[in-house]
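My notes follow in the order I looked things up.

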Amino acid sequence: MKAVLATDLSAASEATIENETCLECLGRIGVNEMHLVTVIPSNVHRGMPGIDFEKRRRNAIRKYERVIEDAGFDVETHVVRGTPHRRIRGIAETIGASLTLVGSRGKSPLENRVIGSTARNLARTTETPLLVNRIEREAENPAVVRQHLFQRMLYATDFSTNADHAFETFSYLRHATQEATLVHVETPKDPDPSDADPTARLEELATQLEEWDIETRVERRQGDPADEILAVEDAVDPTTILVGSRGHSRLRRLLLGSVSEDLVARATGNVMLVPPA
């Protein structure tokens with residue numbers, strides 16, 4: 001598996017790259033080739049006096065390249081120019097990445113580097129599963145909030161095709177997952193219930209995970225999807241929330257779209273978004 005690791009070469013990005021536990025988790029799910037990407041924003045001009053941004057970034061990224069090589073991965077670096085989320089997404093699609101990893105300090109509308117707005121833009125547009133790795137805020141030497149990326153998963157589903165596609169990622173996440181909580185949130189805007197009982201459908205999914213020796217519990221809630229998913233996060237303390245990233249349906253209000261963006265902005269821990277197949 002190939003993964004793209006986006007970095008702005010800040011202390012927050014370094015927290016992800018140098019965390020041995022995070023790298024070990026990526027290895028467990030089958031990642032063996034890592035592409036380090038750093039983007040020089042379009043508004044940084046080549047001709048600015050006394051500054052060679054590309055040379056400085058290439059020199060800086062070599063340190064991270066050595067760290068990841070020492071962890072046992074094949075590494076390729078990409079120092080590119082343009083709009084960060086578009087270039088990151090483009091490289092992920094070009095190399096056929098199975099995962100894009102980006103750090104985020106979370107609730108800050110003002111941050112304008114890879115740490116912050118780029119994570120939100122990737123959440124809206126990615127064609128590759130995206131893992132938003134939560135970094136400590138307001139710390140001089142920040143650390144990742146959850147070192148084990150996939151140990152305790154919280155999977156949110158509306159039983160749509162796209163949510164089912166997100167569930168399929170357990171086929172490789174299971175190698176690093178010990179516990180999972182499955183949650184479905186019913187809203188007032190949902191149509192009349194279908195013949196299939198939501199609890200029964202959750203139990204069916206739980207059975208699949210338990211066959212892989214993953215300890216699983218189910219939650220059925222009512223209310224605002226993002227609020228209820230975050231309430232479950234607060235109660236069970238997962239390392240990562242797993243959810244489909246976007247989609248449209250005339251039949252039901254999906255978890256995809258605005259809710260997934262809410263989770264990226266408001267969740268305490270990591271969020272993994274899986275786009276439609």
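**Entry 1: aromatic pairs**

How many aromatic pairs does a search of the whole structure find? I am working from a predicted model. The search returned three aromatic pairs.

I looked up one of them, tyrosine 155 with phenylalanine 170. A pair of aromatic rings is described by the distance of the centres and the angle of the planes. For tyrosine 155 and phenylalanine 170 I noted 6.2 Å centre to centre and 80° between the planes. Planes over 60 degrees apart count as edge-to-face, and this pair is edge-to-face.

Next I placed both rings. Tyrosine 155 sits in strand E6, residues 152–156, and phenylalanine 170 in helix H7, residues 170–173. The pair therefore ties together parts that are 15 residues apart in sequence.

Are the two residues buried or exposed? Tyrosine 155 has a relative accessible area of 0%, so I logged tyrosine 155 as buried. Phenylalanine 170 is also at 0% relative accessibility and counts as buried. I then wrote down the cluster: Tyr155, Phe167 and Phe170 form one aromatic cluster.

**Entry 2: leucine 26**

I moved on to leucine 26, which lies in helix H2, residues 20–28. Its relative accessibility is 1%, so leucine 26 counts as buried.

What does leucine 26 touch, leaving aside residues up to four places away in sequence? I listed Val31, Met34, Phe73, Leu99, Leu101, Leu149 and Phe150. I also checked leucine 26 against methionine 1, 25 residues apart along the chain. Their C-alpha atoms are separated by 9.5 Å.

**Entry 3: H9 and H10**

Then I took a helix pair. H9 covers residues 225–236 and H10 covers residues 258–266. Their axes come within 9 Å and cross at roughly 40°. That makes H9 oblique to H10. I noted the crossing as right-handed.

Which residues meet between H9 and H10? From H9 I have Pro225, Ala226, Asp227, Ile229 and Leu230. From H10 I have Val259, Asp262, Leu263 and Arg266. By class, the contact of H9 with H10 has six nonpolar, no polar and three charged residues.

**Entry 4: whole chain**

I finished with the totals. The protein chain holds ten helices and ten strands. Of its 277 residues, 52% are buried. I looked at contacts between residues at least 6 apart in sequence. Among these contacts, 78% join residues at least 24 apart.

Technical notes:
Residues are numbered from 1 along each chain as its sequence is written. This is a predicted model: local features need pLDDT of at least 70, side-chain atom pairs count only at pLDDT 80 or more; totals for chains, interfaces and linings use all residues. Side-chain values use heavy atoms; hydrogens and water are left out. Axes are lines fitted to C-alpha atoms, for helices over the stretch in contact, and angles run from 0 to 180 degrees between N-to-C directions. Helices (H or I, at least four residues) and strands (E, at least two) are DSSP runs, numbered from the N terminus. Angles under 35 degrees count as roughly parallel, over 145 as roughly antiparallel, 65 to 115 as roughly perpendicular and the rest as oblique. A crossing is left-handed if the near helix is turned anticlockwise from the far one by less than a right angle, and right-handed if clockwise. Contact means heavy atoms within 4.5 Å. Ala, Val, Leu, Ile, Met, Phe, Trp, Tyr, Cys and Pro count as nonpolar, Asp, Glu, Lys and Arg as charged, and the others, Gly among them, as polar. Rings of Phe, Tyr and Trp (its six-membered ring) pair if their centres lie within 6.5 Å; planes under 30 degrees apart count as stacked, over 60 as edge-to-face and the rest as tilted. Buried means under 20% relative accessible area, exposed over 50%, partly exposed in between (1.4 Å probe, protein chains only).
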